[in-house]
Amino acid sequence: QVQLVESGGGRVQAGDSLTLSCAASGLTFSTYIMGWFRQAPGKEREFVASITWRTGITSYANSVKGRFTISRDNAKNTVYLQMNSLKPEDTANYYCATKRVTLQRYDSWGQGTQVTVSS
């Protein structure tokens with residue numbers, strides 16, 4: 001059974017940095033993609049970033065490109081989202097998710113961690 005546990009959310013000021021972590025278990029890691037999504041109140045959930053476990057290939061939403069960095073630690077089975085130059089519009093509940101590389105949709109999700117950025 002796939003299990004994803006996020007941590008690292010909190011309240012920060014605009015311009016600050018924050019790093020989210022997602023500890024994963026129950027995966028055949030070499031065949032999975034890990035992603036970060038976020039959902040702000042009243043808005044749809046949106047893609048933030050993704051990384052493949054085996055090759056480390058990354059992808060980012062345009063809104064975070066150049067500010068956020070996704071990375072993985074294979075030894076710790078953990079994915080990170082380093083968020084720099086945070087803006088109030090980055091305020092959201094951030095979710096870690098995973099899927100097999102052959103699938104279209106992410107099918108396993110964490111419980112989410114709240115990030116609040118004040119101006």
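Colleague: Why does Phe 37 count as buried?

Modeller: Phe 37 has 10% relative accessibility. Buried means under 20% relative accessible area, exposed means over 50%, and partly exposed lies in between (1.4 Å probe, protein chains only). Phe 37 therefore counts as buried. This is a predicted model, in which local features need pLDDT of at least 70, side-chain atom pairs count only at pLDDT 80 or more, and totals for chains, interfaces and linings use all residues. Residues are numbered from 1 along each chain as its sequence is written, and side-chain values use heavy atoms, with hydrogens and water left out.

Colleague: What makes the pair of Phe 37 and Tyr 106 edge-to-face?

Modeller: Rings of Phe, Tyr and Trp (its six-membered ring) pair if their centres lie within 6.5 Å; planes under 30 degrees apart count as stacked, over 60 as edge-to-face and the rest as tilted. The ring centres of Phe 37 and Tyr 106 are 4.9 Å apart and the planes stand at 75 degrees, so this pair is edge-to-face. By this rule there are four aromatic pairs. Ring pairs join Phe 37, Phe 47, Tyr 106 and Trp 109 into a cluster. Tyr 106 has 16% relative accessibility and so counts as buried.

Colleague: What makes Phe 37 and Tyr 106 a link between distant parts of the chain?

Modeller: The two are 69 residues apart, with Phe 37 in strand β4 (residues 32-39) and Tyr 106 in the loop between β9 (92-100) and β10 (108-109). Strands are DSSP runs of E with at least two residues, numbered from the N terminus.

Colleague: How do you know that Arg 45 lies over the face of Trp 109?

Modeller: A charge sits over a ring if NZ of Lys or CZ of Arg is within 6 Å of the ring centre and within 35 degrees of the ring normal. Arg 45 is at 3.8 Å from the ring centre of Trp 109. Lys 99 lies over the face of Tyr 106, at 5.6 Å from the ring centre.

Colleague: How do you know that β3 and β8 pair?

Modeller: Two strands pair if DSSP finds at least two bridges between them. Strands β3 (residues 18-25) and β8 (residues 78-83) have six bridges, in the antiparallel sense. Ser 21 stands opposite Tyr 80 in β8, and Ala 23 stands opposite Thr 78. Five bridges join β1 to β3, also antiparallel, and in β3 the partner of Ser 7 is Ser 21.

Colleague: What is the order of the open sheet, and which are its edge strands?

Modeller: The four strands run in the order β1-β3-β8-β7, with antiparallel pairing. The edge strands are β1 (3-7) and β7 (68-73), since each pairs on one side only.

Colleague: Is Ser 21 buried or exposed?

Modeller: Ser 21, with a relative accessible area of 18%, is buried. Ser 7 has 37% and is therefore partly exposed. Contact means heavy atoms within 4.5 Å. Setting aside residues up to four places away in sequence, Ser 21 touches Val 5, Glu 6, Ser 7, Trp 36, Thr 78, Val 79 and Tyr 80. With neighbours within four places left out, Ser 7 is in contact with Thr 19, Leu 20, Ser 21 and Thr 113.

Colleague: Why does Thr 55 count as partly exposed?

Modeller: Thr 55 has 40% relative accessibility, so it counts as partly exposed. Its place is in the loop between β5 and β6 (58-60).

Colleague: What makes β9 mostly covered?

Modeller: Seven of the nine residues of β9 are buried. Eight bridges join β4 to β9 in antiparallel fashion, with Arg 38 opposite Tyr 94. β9 and β11 pair over three bridges, antiparallel, and the partner of Asn 93 in β11 is Gln 114. Two bridges join β9 to β10, where the partner of Ala 97 is Trp 109.

Colleague: Which residues touch the most other members of the largest nonpolar core?

Modeller: A nonpolar core is a set of buried Ala, Val, Leu, Ile, Met, Phe, Trp, Tyr and Cys residues joined through side-chain atoms within 4.5 Å. Of the 29 residues in the largest one, Met 34, Trp 36, Leu 81, Met 83 and Tyr 94 touch the most other members. β3 gives the most to this core, with four residues. Beyond its neighbours within four places in sequence, Met 83 is in contact with residues including Leu 18, Leu 20, Phe 68, Tyr 94 and Val 115.
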